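Hello,

Here is the structure for you to pick up. Please open it alongside this message.

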Amino acid sequence: MNYGKCPVCLGKISEEIIEYHDYEWQHTLLFDALEIRYCYECGFGFSTPDLALKDIERFYSSQYRQVPAYFIDYKNFSKPFHPDYRSVAQLMLALQFCTWEINDVFLDVGPGTGASFNTAHKILKEPNLGAIEYAEGAVEAYQKQYHVSSIDSLDKYRETFKRQPKIVLSSHSLEHFTYTSAVNFLNDLSKIIDPSGVFIAEVPHVDFRIHKNMRNEDSPHFLFFSKSALSKLFSENGFEVLYLNTCGRIHEKNYGQVYSDVEQTVLKLTRFSKIMQFIKYGVKRMVNILGISGKVILRNDNFYYGGDRDCLRIVARRLEVRDNTD
Ligand SMILES: [Zn+2]
């Protein structure tokens with residue numbers, strides 16, 4: 001990547017080099033050489049140098065899912081206890097911009113816990129569910145629990161599904177792509193998605209022009225989006241932006257920075273990072289489990305939009321391809 005010009009808007013890239021925050025993955029060497037640059041004009045941020053795709057894939061398959069906080073027990077996979085507010089909000093927003101019909105396809109790019117499929121079964125009428133997923137165990141678990149057909153890349157879409165996807169979701173996934181992979185993905189998707197369908201994506205809102213000191217851990221993210229960078233990336237790569245806004249927690253209330261500073265110090269002091277991660281995961285699980293005995297609370301940050309919030313949600317439709325032969 002040429003650092004002279006922003007790959008998204010061709011604006012000027014910062015002279016300033018931002019330190020890449022890597023607390024949780026210090027035991028891997030993958031992120032050690034990374035630093036961050038950003039565009040003064042659109043706010044797009046990216047880590048450099050580019051890592052080899054095979055090293056990134058090896059990280060996800062051999063390390064990422066082994067850490068308790070990100071571990072998903074696909075062998076004992078069960079439906080979530082409570083509604084997944086984020087995917088409820090995402091699907092409700094997507095439905096504002098398309099007409100869902102029985103047997104339409106909902107495709108999730110990197111479904112993680114599969115919570116969006118649980119939501120899709122509740123919100124969408126008789127959906128055909130699809131996943132882009134290659135993780136061992138996940139494919140079988142989604143199939144068994146939610147009747148999902150998985151493919152490992154978009155190239156295989158037409159072999160597996162009869163209809164073009166009506167709603168495609170990519171929730172907290174694009175920021176894990178390299179810039180080239182993200183561009184290729186958007187262009188490929190724009191050729192596959194139903195012309196009347198929508199692509200809904202959500203990413204962390206990290207604009208280095210304003211959030212430099214408000215952000216949490218960077219790893220394993222390679223791309224950082226401002227509102228205008230996300231819009232420009234989509235509109236330059238096969239999509240028309242229908243909706244784009246901030247969502248989630250207000251940045252000022254985000255305790256991420258304090259939390260990560262404390263955590264980082266503790267990690268350094270104790271050197272028992274795995275134990276700390278296990279405790280953190282245990283506390284999260286306890287809170288979730290206790291949550292089922294309480295009432296369902298619909299007042300949730302995932303339903304709030306506007307202002308300086310910590311995520312961006314975008315809805316886009318494929319650009320009409322104009323036939324020049326007319
Ligand atoms: Zn730019």
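Below are the notes on the sheet, its helices and one glycine.

This is a predicted model: local features need pLDDT of at least 70, side-chain atom pairs count only at pLDDT 80 or more, and totals for chains, interfaces and linings use all residues. Residue numbers start from 1 along each chain as its sequence is written.

Confidence: pLDDT is the predictor's confidence in each residue, from 0 to 100. The chain averages 87, and 84% of the residues score at least 70. Over residues 255-259 the pLDDT is below 50.

The sheet: seven strands form an open sheet in the order 6-5-4-7-8-11-10, with mixed pairing. Strands (E, at least two residues) and helices (H or I, at least four) are DSSP runs, numbered from the N terminus. Two strands pair if DSSP finds at least two bridges between them. Strand 6 (148-151) and strand 10 (239-250) are at the edges; each has a single partner strand, so one side of each is left without a neighbour in the sheet. Strand 7 (residues 165-171) pairs with strand 8 (residues 198-204) in the parallel sense, over five bridges. There, Ser 171 has Glu 202 in strand 8 as its bridge partner.

Gly 137: this residue lies in the loop between strand 5 and helix 4 (138-146). Gly 137 is partly exposed, with 14 other C-beta atoms within 10 Å (buried means 20 or more, exposed 12 or fewer, partly exposed in between; C-beta atoms are placed from the backbone). Gly 137 and Asp 73 are 64 residues apart in sequence, yet 8.7 Å apart in space, C-alpha to C-alpha.

Best wishes

Terms used
Contact = placed C-beta atoms within 7 Å.
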